Amino acid sequence: MSNIANSGFIPRKTIIASTITSLLAFTPITHAFEEVVNEEESVETIEVTGSRLTRTTFDAPSPTTVISAETIQMTGALNMNDVLSTMPQFGKGFDATDGNYSFGNSGINAPDLRDLGSTRTLNLVNGKRPIAITNDSNIMLTDIGIIPSELVERVEVLTGGGSAVYGSDAVAGVVNFILKKDFEGTNIRAQMGDTDAGGAESQSVTLTHGINFDDGRGNFTMSVDYFKQKALRFAERPGSGNTKRYINNPDDTGPNDGIFDKIIANDVSYPSFNATNNMFGVWNNDAGDVDWFQLNDGNASLRTPAEATEDGWMALDGSGYDPLGYNMARNPYDRVNAYARLGYQFDSVTVSADVMYSKTESEDEIDPAFVWDTWTTVEALQGDGIAIPESVLNTLDDYGDNWLKLPYTFDEAGPRGHKNEREYLSASITLEGDLTDNWSWDVYLTTGFTKSKLTKNNDLRNDRFDSSNFTIIGPCVDEGNCPAFNPFEPASQEVLNYIMATHDTHTDVTGHGFAANLSGEVLELPAGVVQVTGGIDIRYESLDYRPSELWSSGNLSSMMTGIDDVSRNIQEVYGEILIPVISDVTLIKNLEIEAAVRHAKYSTESASFTSSKLGINWAITDDVRFRSTYSRAIRAPQLGELFTGESIGYSDLTDPCDADEINGGPADGRRLTNCQALGIDEGWDSNLKGKRGKVISSGNPKLEEETATTFTAGFVFQPTFIDDLRISIDYYDIDLSDLIVNFGANTMLSNCVDLESINNDYCAQVSREANGDVISVNDTSLNADNSRRRGIDFEGSYVVKMAETFGLSGELLFNIAATHQLEKSYTEYDYIEDKPLVDDPLGELGAPEWKGDVMLTYNLDDLSVRWTTKYTQGGPRYKDVADDRYEDIDIEDSIVHNFWMGYDINEELNVYVGVNNVTDETWLDNPFTNWGRLNYSLLGRAYYAGFNYSF
């Protein structure tokens, strides 16, 4: 991946061809690739992802997987992250079309290598950083949805640290999208898709046009891409989501009795939540729970008896309200991308400029605003001026009670929702040329911005509605014009207009960048030429977060504080060297050593740090090559992590000084002593008991960088005695320290009184009243924990010449890629016990030991057919529980078969069809998989068809 190779107009040897011929990396090989190899016999210099050095038939020592444009099309995916997230090396990441119970994540595409988090995967376009967007935590991400899909020539995936070459964020690796640079002609591609069970219909149209001029010295290319996908609602997949839950087994007799403690209940509904009618509950002494009554036109009738409820919030007899009434499994998504590039090769300098624009819209919705079940009395309600229907009073009389449990759902307002509109614009110019035959240079300048608008609707205003007593409050009280409200009746439109809010939040990200690089040959050694490259990289980034005035006021269920246009400058200098050490001796066909170092200085943290890399590339024979790298990779704290203002929310908190908790903690009884030092004695009831507590989150300007040591080692094998067989095996080890994490408010509370004394940093994060009541807990980011990923990647390909092997026409291509994960650990330091606590969920659901893809492609003249099988190992949801804890805790493997077929009708027109998930797997039989996550999709069988027309 080269400033030279990706920006000029003189054709260079492609990374695909070099990868195949040098046998260093597996790539999904198609008939088109074979033609490339056959046509390019001569050796030419190239650059590859993972290094800025030019090569002569040598790849970088880091494992690199290449995904071709043909392979992308054969998936039927119109979102690039749909391709990446199901590959063995990737976790789920952010997906534009996945449901998010959040207020700002819908519409984001961000890959996640090694499941270390999207912020630890560096995404590049032609080797350059695009301008970032932000998620709902003000974390900057590269949205790969902005990339013009039809101009993607290939995607190169480098696993392992790449910070020494590319800077911060390349902890897990680098994903580099290489765009076509000399497209000529006009192409129209259109595709439509649907699912067998309905929902998530999609369509796309792309127009690409390119023209060469002045005898090929210049090229102009443009592309416009439109993509639309409709929502998939959980309601369209009966049995999904919260309709299936674990409940207590009534036949359970205790631990280790061989009887499941928890069993699966189907068709679960909500006794009071999501109510579309007015409700109230009365305590049933005999059943030990609440009988729920429904009001219709003021008449009360029993809807869900206490005997049919579980834990007070699940109805097991189907009498409750639909838990899937509003939520989406996949969000609707609209995207328009436009791209234009102009380049010209002068006698000694090549100049290219491009402009990239993207506009996306996505939305999500959740249940309507509601008031949690609240116990109250007839007298309290009447004291607040609330008229109680006669049927409610009669029902209470029948129970001999004046207490009732009163929930309220503002279903007349409709669902709460958010809509995200994002706009991206960037422009860049590149100049490059040769100083001599052996030295080249390039200069790159870019600028751009992203603008995001988040619209939230149907937020309940706490300054106008008092949920503790169901009364209208606020300015209408002084003005004497409050609309009438009664919790036993539907809310009027006047009430909804007064207490519900729709408001907008804006986020702007601006970025500028300048880079200059110089590469060349410095010394001739017996084994070859020493190559060096060096350069500077200067970047500017700013973040301006402006939540609505209403959201900032604290008058909603949460509060967000703005980030007032914070910015920073980043200055980096790097150098890289390639030394050919030995060649053409016993057991050493060729041996190269590669090293790189990058020094970075960030203005915000007033910090500087250094990344480094050392690699070895050893061709043992013509058949076998060994490769290995050791690197120090860095992730610098982001502007959002450093400077996010205070956000206030409410969570379930446990006060360790409460009467029920004060004698817990360490065995030496220090919790009691420390609580007493805070002025709290035994027998004290905390204000948090049975209530949610106030949690304040904010940025931390004192954060430092995360550091990872990464190691890879492996072999590439292509026997000269077996044509077209290629195999690679690579071990990887990523050890990440000083992880930027939030401890959590409950940990802040417990650590405050469970350490040796209350003279600690945790107590400073807990604010209490003089009587001990918790006012708030501050949960800020800290450099605290570690994480590690170890595993082995297997990749291979083989081409079967059908005529030679079976006497049949055509050729058959076999490709396999698999990852065997050896460790996926997370280490949290226990400051109370003064020791690290390591948790490794490897083998559990979501942490599979094995993931793999197998592809069979058959080419016969104008026909191509591909069958893909994608495998993700299942396993128990929890490893460290008794065998009789959960029914069906062992989750089956995810095995998905996809089919694609394309046919060239003539030189101009290609048509294709595809079926994904041919066997219609949905995994709706288990509460752990019926949400459609972790490669257990809810889509079911899906169809698509499209065409490419070129002229």
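Residues are numbered from 1 along each chain as its sequence is written. In this predicted model, local features need pLDDT of at least 70 and side-chain atom pairs count only at pLDDT 80 or more, while totals for chains, interfaces and linings use all residues; side-chain values use heavy atoms, without hydrogens and water.

**Exercise 1.** State the average pLDDT of the chain and identify a stretch where the pLDDT is below 50.

*Solution.* Step 1: pLDDT, the predictor's confidence in each residue from 0 to 100, averages 90 over the chain, and 93% of the residues score at least 70. Step 2: residues 1-45 have a pLDDT below 50. Step 3: where pLDDT is low, the predicted coordinates should not be read in detail.

**Exercise 2.** Determine how the buried residues of helix α7 are arranged about its axis.

*Solution.* Step 1: helix α7, a DSSP run (H or I, at least four residues), spans residues 390-399, and its residues S391, V392, T395 and L396 are buried (under 20% relative accessible area, 1.4 Å probe, protein chains only). Step 2: viewed down the axis of α7, the buried residues fall within an arc of 140° (from the directions of the C-beta atoms), so they line one face of the helix. Step 3: on the other side of α7, E390 and D397 are exposed (over 50%).

**Exercise 3.** Describe the lining of the largest cavity by class.

*Solution.* Step 1: the lining of the largest cavity comprises 42 residues. Step 2: these divide into 18 nonpolar, 15 polar and 9 charged residues.

Technical notes
Contact = heavy atoms within 4.5 Å. Helix = DSSP H or I, 4+ residues; strand = E, 2+ residues; numbered from the N terminus. 1 Å grid on protein atoms, 1.4 Å probe; cavity = no way out; pocket = protein on both sides within 12 Å on 5 of 7 lines; lining within 4 Å. Nonpolar A, V, L, I, M, F, W, Y, C, P; charged D, E, K, R; others polar.
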